[in-house]
Amino acid sequence: MPHETPPAHTDGSGRPLRERKLWIPQMSWGGAVAFAAAFRSVSIDAEICPDSDARTLELGSCHTSGEECLPARTTLGNFLKIVEKPGFVPDRTAFFMPTADGPCRFGQYAPYIRKVLRDLGLSEVLVFTPSSRDGYQGIGAQAQELMRNAYRGLVCADILRKMLHRIRPHEVHRGDTDEVHEQAITAIAGVLERPGVAPDTRLRQLEAALRVARDAFRRVRVRYTRRPLIGVVGEIACRLTPSMNDDIIRTIEKRGGECTLAHIVEWVFYTNTEHQRRLRQEGRGFSKAMLVAKISNSIQHRDEHRLSRIFASDFRGYEEPEVQRVLRYSEPYLPAAGALGEMTLSVGKAVFHYHQGCDGVVDVSPFGCMNGIVTEAIYPRVSADCDDMPIRNFFFDGTGTGLGHVIGVFMELARSYQARRKVERVYPATSPFPPG
């Protein structure tokens, strides 16, 4: 048997992933919990990283130059908090850190984390990078099962987060909606983490868990008021992680608003679309790779439809658009074939929110983020084309300077726009308000 060369950049002692604890960064609490459960379904001990705090940024800042974005510092800092935990054993530890091509510094997170660990004498820690050659080391034949479970977990987390944001601003007793959301995420994780469950059986079990969650959300006592609806877009980690954005959605809710937040799986469908576009550019429009891509995309859409249809009446007026529609809306401002990534999705989604009947859009990004800088330059034109709907960029660097006054001003603009909005807003069946 020929000698097999190990992956060139895999750190660690060579101990397989199944003999380590895998730590998952929190990019949305619910999504991370579901993702960790998916790893446990294939017998990999996975747990989410602890919540971010002052120690997170202290540790992250000690090993960065100050020019890195907030998600980079936060991710590194939370990994280093694991190193400080009692009982930490380097060769029994792995950190989950995906990577990507493109202009964003996200592609450098994994190599830089490896460097920091080496400098600290912790080269035995494995940095688990799914898109690299060692991505499925220790998983083998169960890789497809893991990927499908993880995807379904993200879909469920998106759905439950949307219900959280739809109900919480109207709850009578503060905290009731958060409690239902946490219980629902825990139940979904319980379904996902069971090993050896057939895909169709697991999907039915997820549907059942979501129905229980839906009914629990519907039992939350609410007092509906006609609040301005604010679309939240932007850089994916920052917009989905309250600790990175000073809990901007709660702040908007406290100031009388309600939010609809861009989903995680929006990015999945976008990357699927981009992959197929590149295959066509390479002259591989009729190829095995294209067939596999189309089948995978079709299965993902089917799973997403089956899980989300349970909440169809609850999400009336809050539906997520097909990614192709978002890209069409972006075309006059940032054509998808030229301006890639979150900036294109954010601009297109802002236009969608106008047609949805939203009363404003906030774009959430880390300080210095290229995506936010570009969209900030584009939004004045978008706003002018959308009846001067208020659109505001918010940049975050971890200093926690407070959003109260700025959000207060923005919400006054949103209320003014709400009073003159030309696009009719659709409300769920449970809402007491007629369309308008």
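Predicted model: local features only at pLDDT ≥ 70, side-chain atom pairs only at ≥ 80, totals over all residues.
Two non-glycine residues adopt a positive phi. At Ser-28 the angle is about 80 degrees. Ser-28 sits in the loop that runs between strand E1 (21-24) and helix H1 (29-40). With a relative accessible area of 2%, Ser-28 is buried, because the cut-off for this class is under 20%. At Asp-247, which is likewise not a glycine, phi is positive at about 55 degrees. Asp-247 belongs to the loop between helix H8 (236-240) and helix H9 (248-254). Its relative accessible area is 26%, so Asp-247 is classed as partly exposed, a class that lies between 20% and 50%.

The largest nonpolar core contains 84 residues, among which Leu-22, Ile-24, Phe-39, Leu-160, Leu-210 and Ile-248 touch the most other members. Helix H5 (residues 143-167) makes the greatest contribution to this core, supplying eleven residues. When residues up to four places away in sequence are not counted, Leu-160 is in contact with His-181, Ala-184, Ile-185, Ile-188, Leu-210, Ala-213, Phe-217 and Phe-311. One of these partners, Leu-210, is itself among the core residues that touch the most other members.

Pro-130 is located in the loop between strand E4 (126-128) and H5. Pro-130 is partly exposed, since its relative accessibility is 22%. Phe-96 lies 34 residues from Pro-130 along the chain, and the C-alpha atoms of the two residues are separated by 8.2 Å.

How values were computed. Residues numbered from 1 in each chain as written. Heavy atoms only, no water. Helix = DSSP H or I, 4+ residues; strand = E, 2+ residues; numbered from the N terminus. Buried < 20%, exposed > 50% of the residue type's maximum accessible area, 1.4 Å probe, protein only. Core = buried A, V, L, I, M, F, W, Y, C linked by side-chain atoms within 4.5 Å. Contact = heavy atoms within 4.5 Å.
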